[in-house]
Amino acid sequence: MPNAQPYRALLHLGILLSGRGSNFLAIADSIREGRLPGVEISVVISNVPDAPGLKTAQQMGLPAAAFDSRGRKREAHEADVVACLRQHNVDLVCLAGYMRLLSPAFVAAFPHRILNIHPSLLPAFPGLEAQEQAFVYGVKIAGCSVHFVDEELDHGAILVQRAIPVLETDDAHTLAARILAEEHKAYTEAIAMVASGEYEIRGRRYVRHNA
Ligand code: GRF
(Lines give C-alpha, C1' and ligand atoms only; values in the text may rest on other atoms or scores of the structure.)
Protein backbone atom coordinates (compact mmCIF):
# COMPACT_ATOMS: atom_id res chain seq x y z
CA MET A 1 0.00 0.00 0.00
CA PRO A 2 1.60 3.33 -0.97
CA ASN A 3 2.42 5.78 1.81
CA ALA A 4 1.23 3.33 4.44
CA GLN A 5 2.39 4.34 7.91
CA PRO A 6 3.66 1.50 10.08
CA TYR A 7 0.76 0.33 12.24
CA ARG A 8 1.17 1.51 15.78
CA ALA A 9 -1.37 0.41 18.36
CA LEU A 10 -2.38 2.96 20.94
CA LEU A 11 -0.85 2.48 24.37
CA HIS A 12 -3.46 3.25 26.99
CA LEU A 13 -2.04 4.56 30.23
CA GLY A 14 -3.65 4.31 33.63
CA ILE A 15 -2.09 6.77 36.07
CA LEU A 16 -2.23 6.03 39.80
CA LEU A 17 -1.42 8.89 42.15
CA SER A 18 -1.92 9.96 45.75
CA GLY A 19 -0.73 13.56 45.83
CA ARG A 20 0.19 16.65 43.84
CA GLY A 21 0.59 14.83 40.53
CA SER A 22 3.48 16.70 38.92
CA ASN A 23 4.75 13.51 37.25
CA PHE A 24 1.26 12.86 35.88
CA LEU A 25 1.19 16.41 34.52
CA ALA A 26 4.62 15.99 32.92
CA ILE A 27 3.38 12.84 31.15
CA ALA A 28 0.22 14.65 30.02
CA ASP A 29 2.35 17.56 28.71
CA SER A 30 4.59 15.15 26.78
CA ILE A 31 1.54 13.58 25.13
CA ARG A 32 0.04 16.98 24.28
CA GLU A 33 3.32 18.23 22.88
CA GLY A 34 3.77 15.18 20.65
CA ARG A 35 6.68 13.55 22.50
CA LEU A 36 4.76 10.30 23.07
CA PRO A 37 3.09 9.41 19.76
CA GLY A 38 0.58 6.57 20.06
CA VAL A 39 0.19 7.05 23.81
CA GLU A 40 -2.89 8.34 25.60
CA ILE A 41 -4.04 8.62 29.20
CA SER A 42 -7.17 6.50 29.58
CA VAL A 43 -7.81 7.08 33.27
CA VAL A 44 -6.32 8.71 36.36
CA ILE A 45 -7.05 6.95 39.65
CA SER A 46 -6.31 8.02 43.20
CA ASN A 47 -6.65 6.35 46.56
CA VAL A 48 -6.92 9.85 48.07
CA PRO A 49 -10.19 11.49 47.02
CA ASP A 50 -8.92 15.06 47.46
CA ALA A 51 -5.49 14.52 45.87
CA PRO A 52 -4.55 17.67 43.92
CA GLY A 53 -3.40 15.50 40.99
CA LEU A 54 -6.88 14.00 40.67
CA LYS A 55 -8.40 17.46 40.57
CA THR A 56 -5.96 18.43 37.82
CA ALA A 57 -7.04 15.37 35.81
CA GLN A 58 -10.71 16.33 36.20
CA GLN A 59 -9.98 19.90 35.11
CA MET A 60 -8.21 18.52 32.04
CA GLY A 61 -11.32 16.52 31.19
CA LEU A 62 -9.63 13.16 31.66
CA PRO A 63 -11.53 10.20 33.09
CA ALA A 64 -10.70 10.29 36.80
CA ALA A 65 -11.74 8.04 39.65
CA ALA A 66 -11.17 7.97 43.40
CA PHE A 67 -11.20 4.79 45.43
CA ASP A 68 -10.59 5.77 49.03
CA SER A 69 -8.26 3.22 50.57
CA ARG A 70 -8.86 4.33 54.17
CA GLY A 71 -10.46 1.67 56.29
CA ARG A 72 -10.67 -0.83 53.44
CA LYS A 73 -9.06 -4.23 53.10
CA ARG A 74 -6.25 -4.21 50.58
CA GLU A 75 -7.80 -6.91 48.35
CA ALA A 76 -11.14 -5.14 48.16
CA HIS A 77 -9.56 -1.78 47.39
CA GLU A 78 -7.24 -3.21 44.77
CA ALA A 79 -10.08 -5.15 43.14
CA ASP A 80 -11.86 -1.83 42.52
CA VAL A 81 -8.71 -0.25 41.09
CA VAL A 82 -7.94 -3.20 38.81
CA ALA A 83 -11.55 -3.32 37.59
CA CYS A 84 -11.40 0.38 36.76
CA LEU A 85 -8.11 -0.05 34.89
CA ARG A 86 -9.62 -2.91 32.90
CA GLN A 87 -12.79 -0.94 32.15
CA HIS A 88 -10.61 1.71 30.56
CA ASN A 89 -8.58 -0.88 28.60
CA VAL A 90 -5.38 0.18 30.31
CA ASP A 91 -2.29 -1.62 29.06
CA LEU A 92 0.38 0.27 31.01
CA VAL A 93 -0.10 1.33 34.63
CA CYS A 94 2.06 4.29 35.70
CA LEU A 95 2.50 4.83 39.41
CA ALA A 96 3.13 8.52 39.88
CA GLY A 97 3.47 9.23 43.57
CA TYR A 98 1.07 6.39 44.45
CA MET A 99 1.64 5.82 48.15
CA ARG A 100 0.42 2.23 48.30
CA LEU A 101 2.31 -1.02 47.99
CA LEU A 102 0.75 -3.23 45.33
CA SER A 103 -0.05 -6.82 46.28
CA PRO A 104 1.45 -9.71 44.29
CA ALA A 105 -2.05 -10.28 42.83
CA PHE A 106 -2.16 -6.71 41.47
CA VAL A 107 1.35 -7.06 40.01
CA ALA A 108 0.36 -10.36 38.39
CA ALA A 109 -2.69 -8.72 36.81
CA PHE A 110 -0.36 -6.49 34.73
CA PRO A 111 2.83 -8.49 34.22
CA HIS A 112 5.70 -6.17 33.22
CA ARG A 113 3.04 -3.56 32.62
CA ILE A 114 3.39 -1.42 35.73
CA LEU A 115 5.96 1.37 36.01
CA ASN A 116 7.01 3.32 39.07
CA ILE A 117 9.17 6.39 39.52
CA HIS A 118 11.40 6.67 42.54
CA PRO A 119 13.49 9.71 43.52
CA SER A 120 16.82 7.92 44.01
CA LEU A 121 19.34 5.98 41.99
CA LEU A 122 18.10 2.51 42.89
CA PRO A 123 19.03 0.24 44.55
CA ALA A 124 20.18 3.04 46.84
CA PHE A 125 17.59 4.57 49.14
CA PRO A 126 14.36 2.69 48.52
CA GLY A 127 11.30 3.65 50.54
CA LEU A 128 10.08 6.98 51.84
CA GLU A 129 11.94 10.33 51.76
CA ALA A 130 14.55 9.00 49.36
CA GLN A 131 15.93 12.46 48.54
CA GLU A 132 16.42 13.25 52.23
CA GLN A 133 18.00 9.82 52.80
CA ALA A 134 20.49 10.53 49.97
CA PHE A 135 21.23 14.04 51.24
CA VAL A 136 21.81 12.92 54.83
CA TYR A 137 23.96 10.00 53.65
CA GLY A 138 26.17 12.52 51.89
CA VAL A 139 26.14 11.10 48.37
CA LYS A 140 27.70 13.28 45.70
CA ILE A 141 25.49 11.98 42.89
CA ALA A 142 21.73 11.68 43.29
CA GLY A 143 18.90 11.12 40.84
CA CYS A 144 15.80 9.15 39.98
CA SER A 145 14.82 5.78 38.54
CA VAL A 146 11.87 4.52 36.53
CA HIS A 147 11.44 0.78 36.93
CA PHE A 148 8.98 -2.01 36.34
CA VAL A 149 7.08 -2.91 39.47
CA ASP A 150 7.50 -6.36 40.96
CA GLU A 151 6.46 -7.79 44.32
CA GLU A 152 9.24 -6.01 46.23
CA LEU A 153 9.41 -2.35 47.17
CA ASP A 154 11.19 -0.12 44.59
CA HIS A 155 12.80 -3.20 43.10
CA GLY A 156 11.86 -4.28 39.55
CA ALA A 157 13.91 -4.03 36.35
CA ILE A 158 15.16 -0.51 35.68
CA LEU A 159 14.24 1.36 32.48
CA VAL A 160 15.71 4.82 33.01
CA GLN A 161 17.95 6.54 35.53
CA ARG A 162 18.90 10.20 35.49
CA ALA A 163 21.69 11.48 37.71
CA ILE A 164 22.56 14.93 39.03
CA PRO A 165 25.39 16.17 41.22
CA VAL A 166 24.63 17.10 44.82
CA LEU A 167 25.80 20.70 45.20
CA GLU A 168 27.61 22.17 48.22
CA THR A 169 24.77 24.66 48.42
CA ASP A 170 22.00 22.05 48.40
CA ASP A 171 19.70 21.20 51.23
CA ALA A 172 17.26 18.30 51.09
CA HIS A 173 14.59 20.53 49.55
CA THR A 174 16.66 22.04 46.75
CA LEU A 175 18.02 18.59 45.98
CA ALA A 176 14.50 17.13 45.84
CA ALA A 177 13.39 19.92 43.51
CA ARG A 178 16.25 19.29 41.09
CA ILE A 179 15.60 15.53 41.21
CA LEU A 180 11.92 16.21 40.46
CA ALA A 181 12.87 18.10 37.29
CA GLU A 182 14.76 14.98 36.17
CA GLU A 183 11.83 12.75 37.11
CA HIS A 184 9.61 14.66 34.73
CA LYS A 185 11.95 13.86 31.83
CA ALA A 186 12.65 10.28 32.94
CA TYR A 187 9.01 9.17 33.01
CA THR A 188 8.43 10.24 29.42
CA GLU A 189 11.61 8.46 28.31
CA ALA A 190 10.53 5.26 30.05
CA ILE A 191 7.01 5.30 28.59
CA ALA A 192 8.47 5.83 25.12
CA MET A 193 10.74 2.81 25.68
CA VAL A 194 7.74 0.63 26.56
CA ALA A 195 5.63 2.10 23.75
CA SER A 196 8.31 1.13 21.22
CA GLY A 197 7.52 -2.51 22.01
CA GLU A 198 10.99 -3.40 20.75
CA TYR A 199 12.57 -4.77 23.87
CA GLU A 200 12.69 -7.71 26.21
CA ILE A 201 13.41 -8.08 29.89
CA ARG A 202 16.38 -10.40 30.44
CA GLY A 203 16.69 -11.09 34.13
CA ARG A 204 16.65 -7.59 35.56
CA ARG A 205 17.82 -5.95 32.35
CA TYR A 206 15.81 -3.99 29.81
CA VAL A 207 17.38 -4.95 26.48
CA ARG A 208 16.44 -3.09 23.32
CA HIS A 209 16.04 -5.22 20.22
CA ASN A 210 18.51 -4.52 17.43
CA ALA A 211 20.57 -2.34 19.79
C1 GRF B 1 7.91 11.84 43.28
O2 GRF B 1 9.06 12.32 43.90
C3 GRF B 1 8.05 10.38 42.94
O4 GRF B 1 9.36 10.03 42.59
C5 GRF B 1 7.65 9.70 44.21
O6 GRF B 1 6.58 10.48 44.71
C7 GRF B 1 6.71 11.82 44.23
C8 GRF B 1 5.45 12.17 43.54
O9 GRF B 1 5.42 13.51 43.13
N10 GRF B 1 7.30 8.33 43.96
P11 GRF B 1 4.27 14.03 42.17
O12 GRF B 1 2.94 13.72 42.87
O13 GRF B 1 4.39 13.32 40.87
O14 GRF B 1 4.48 15.50 42.06
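Trainee: Which element gives the largest share of the lining of the largest pocket?
Mentor: That is β5, with 3 residues; strands are DSSP E runs of at least two residues and helices H or I runs of at least four, numbered from the N terminus. The model is predicted, so local features need pLDDT of at least 70 and side-chain atom pairs 80 or more, while totals for chains, interfaces and linings use all residues. Residues are numbered from 1 along each chain as its sequence is written, and side-chain values use heavy atoms, without hydrogens and water.

Trainee: What volume does the largest pocket have?
Mentor: About 840 Å³, as the space filled by probe spheres set on grid points joined across faces, edges and corners. A pocket is an open set of points on a 1 Å grid over the protein atoms alone, where a 1.4 Å probe fits, with protein on both sides within 12 Å along at least five of seven lines; lining residues have an atom within 4 Å of a point.

Trainee: Which residues are closest to its centre?
Mentor: Of the 34 lining residues, these are Gly-97, Tyr-98, Met-99, Ile-117 and Pro-119. Elements giving two or more residues are α1 (22–32), β5 (114–118), α5 (130–137) and α6 (172–195).

Trainee: And which polar atom of Glu-183 lies 2.7 Å from a ligand oxygen, backbone or side-chain?
Mentor: A side-chain atom. Polar contacts are N or O pairs within 3.5 Å.

Notes:
A polar contact is a pair of N or O atoms within 3.5 Å; within protein, one must be able to donate a hydrogen and the other to accept it, and residues adjacent in sequence count only if both atoms are side-chain atoms.
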